Structure formats: C-alpha cells, structure tokens
Amino acid sequence: FMIATAFLSMWISNTATTVVMLPIALSVTELLTNDEDGFTAGDRNFALSIMLGIAYAANVGGVATIIGTPPNTVMAGFVEQEYGIQISFFKWMLLGVPFSCLMIGIIYVILVKFIYPNGLTTLHNSRDIIGEELAKLGAVKKTELRVMIIFALTIFLWVSRGFLNEAIPFIRLTDAGISMLAAFALFTIPFKFDSGNFILNWEDTVKLPWGILILFGGGLALAKGLSDVGIIKFVGEMVSSAGLNALFVMVVLVVIMLFMTELMSNVALVAIFCPVIAGIAKGLGLEVLHLVIPVTMAASCAFMLPMATPPNAIVFASGYIKVHEMARAGIILNIISILIIIIFALLVIPYVF
C-alpha cells in the first residue's frame, strides 16, 4: 500500500492518491474486524499502520518529483523567476527519489516494527478483495489506454528533456511546455471521432484546483515585491553581519518549516518563506538552492497532526486513528526526517545542484 501510494503521489495530487487508496485499505481492514477472533489489539495496530502508512507515503512520495507536491513547484518557480535557475525534472529526481525511498523504508519500519507492531502473519481473503477491486475496473477501455499512453509519454519527456534538448537543439523542450502539450492532447485526441467525443471536455476544467494556481502566482508576486523593495537583500546583509554558522541556520530553518507546516498550509509557507530563505542563503555565502531545497523538502514531511496535510486529514477521518496516536508516530518521524534532510543537504544536494 505504501509503495503504490508513493508511486501515484509522484505524478498526481497526494490528496487524490489518498482518496483512491483509502477505500481499498478499509476493505482489507474489515477482514480483521469480521474474522473469528474479532478486532484484537494486533488488528488495531495493523489498521493504524496501514492508515498512517498511506498518509505518510502520499506526503513523502510527492517529494520524489518536481510536480509531485505544490511546495516543490512553488520553490522551482521562485528560483527561476528571481535567479534564473532552472531545476530540471531529471535533476530533481536524482535527489527526490532516493529521499522518498529512504523515508518510506524508515516509516514502514518505525510504524510496523516499533510503534504499532501487529504480530500478524497473513491476511486471509485479502487477495480476494484486491481481485474484486480489479474485477470492478473491468477491461482497459480505449480512453484509459489513450490516457496511459499520453501519461507515459509525458513522463518520458519530463525525465529525458535535457538529453533531448542536447540531441535536437531546435526543439527546446521545457517542463511547463511538456505539461501543456499533454493537457492539450487530452482535449484534442478523440475517442469517438464521428460523434466528436474527446478524452476531456472544456467543462472538466471546472474541477481543476484553480486556487493552487492563484496561491502560486501570489507567492511569486510577493517574492518580486520583497526583492524590489530590498527586503531580501536586507535580510541577507543582516545574516552575514551576524556571523552565524551556516549549518546551524539550516537546521533551525528546517525545524521551523517542518513544525510550522503542522499547523499551516505548506504551499503558503513555502511561497512566503522562499524569498526570505534565499536572502539568508546569500548572506551566509551559500548557493540559494543549497538552503531553499532542504527547507522546501521539510514542508512535505509533516506527520504529527491531522490538519498538517490533506492526506493526514483524510486517513484521520477513517475513524481508526486518534490524534495522540498520529502524534506519537509523527513526532518520531518528524525528528528522523529532519536528520535525513540535513544529511541530504550536506552530502547530496551540493553534488546534484
């Protein structure tokens, strides 16, 4: 469940991923409720682990790609607009995929082996439930096949954009251009040409999360305003004159971001703090990305409270989790994620960027 959730979250909204995975997890959990020994303590721990595992995997899975979670996109847009730094899809994956894989492994071990051990060996009839869910889907439809092909081509172009631009210089692909091309294809490729039916219709755009785009644009406008009035430069000069240790500042900023995002929107926090953090990086004599990226990654590692991220809230609503149970696992994972982010900031980020 965690691997499937994380993989989906790399490419689509972590909220949508959690909504897709939760009903299947609930069906599997109900097997334990209805078995001969009832809902035992081990069964309860299994239910807790699978619900928390889905939420946490959706959060960290999004870190794997530049489009996997909105904070990544906000940060990439900011550094490109203000500093002309382009973060390629492939380069980010060199950082994000190892981080996500490592965190998923750690989350699994912490949940299943230490905090909520269940002692279960096999889940009877679980294979039947998965089979039933697959049967409900039926055969692959023509529209689904077309979407899969477009999706696979989009991922291929994102990952190989740098190589394709070098091999065919006159194309000059961009991540945004590839995204627009894929969206355009979904609206223009017909599945019933004679009746004029297409994969997507204009009415489907109503369902898009336009609020994220407005928030994203507002963040860029705020960053531009802070830069133009000299606040970013002022912050940088203040930090440089204070003579603070760069590692200490990095740890403090990562901790502040991670624990603030337990209570506030991580997208809004990244939009607000990115310009300030960039100024601090300049004041410390660091590359902007070497400080902005760790703080952005921390924004997706909120594990303690239901309101921290939509996946946390969705699994909390399942009824299997209490706040103190999420907080018990979350505080440990928060501390571990801080350590992992700092290690990546020191050993991986300088070599990738």
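Predicted model: local features only at pLDDT ≥ 70, side-chain atom pairs only at ≥ 80, totals over all residues.
**Figure 1. The whole chain and its surface.** Residues are numbered from 1 along each chain as its sequence is written, and side-chain values use heavy atoms, with hydrogens and water left out. The protein chain holds 16 helices and two strands (DSSP runs numbered from the N terminus: helices are H or I with at least four residues, strands E with at least two). Of its 353 residues, 46% count as buried (under 20% relative accessible area with a 1.4 Å probe, protein chains only; exposed is over 50%, partly exposed in between).

Figure 2. A search of the whole structure turns up ten aromatic pairs (rings of Phe, Tyr and Trp, the last by its six-membered ring, with centres within 6.5 Å; planes under 30 degrees apart are stacked, over 60 edge-to-face, the rest tilted). Here, Tyr 56 and Phe 303 pair edge-to-face, at 4.9 Å centre to centre and 70° between the planes. Tyr 56 sits in helix α3 (residues 41-61) and Phe 303 in the loop between α13 (288-298) and α14 (310-316), so the pair ties together parts 247 residues apart in sequence. Both Tyr 56 and Phe 303 are buried.

**Figure 3. Trp 92 and Phe 353, a tilted pair.** The ring centres of Trp 92 and Phe 353 are 6.4 Å apart and their planes are at 55°, so this pair counts as tilted. Trp 92 belongs to helix α5 (residues 89-115) and Phe 353 to the segment after α16 (349-352), so the pair links parts that are 261 residues apart in sequence. Both Trp 92 and Phe 353 are buried.

**Figure 4. A cluster of rings.** Ring pairs join Phe 7, Trp 11, Phe 89, Phe 151 and Trp 158 into a cluster.

**Figure 5. Around Ala 182.** Look for Ala 182 in helix α8 (residues 175-188). Ala 182 is buried, with a relative accessible area of 14%. Leaving aside neighbours within four places in sequence, Ala 182 is in contact with Ile 150 and Thr 154 (contact means heavy atoms within 4.5 Å). Val 147 is 35 residues away from Ala 182 along the chain, and their C-alpha atoms are separated by 9.5 Å.
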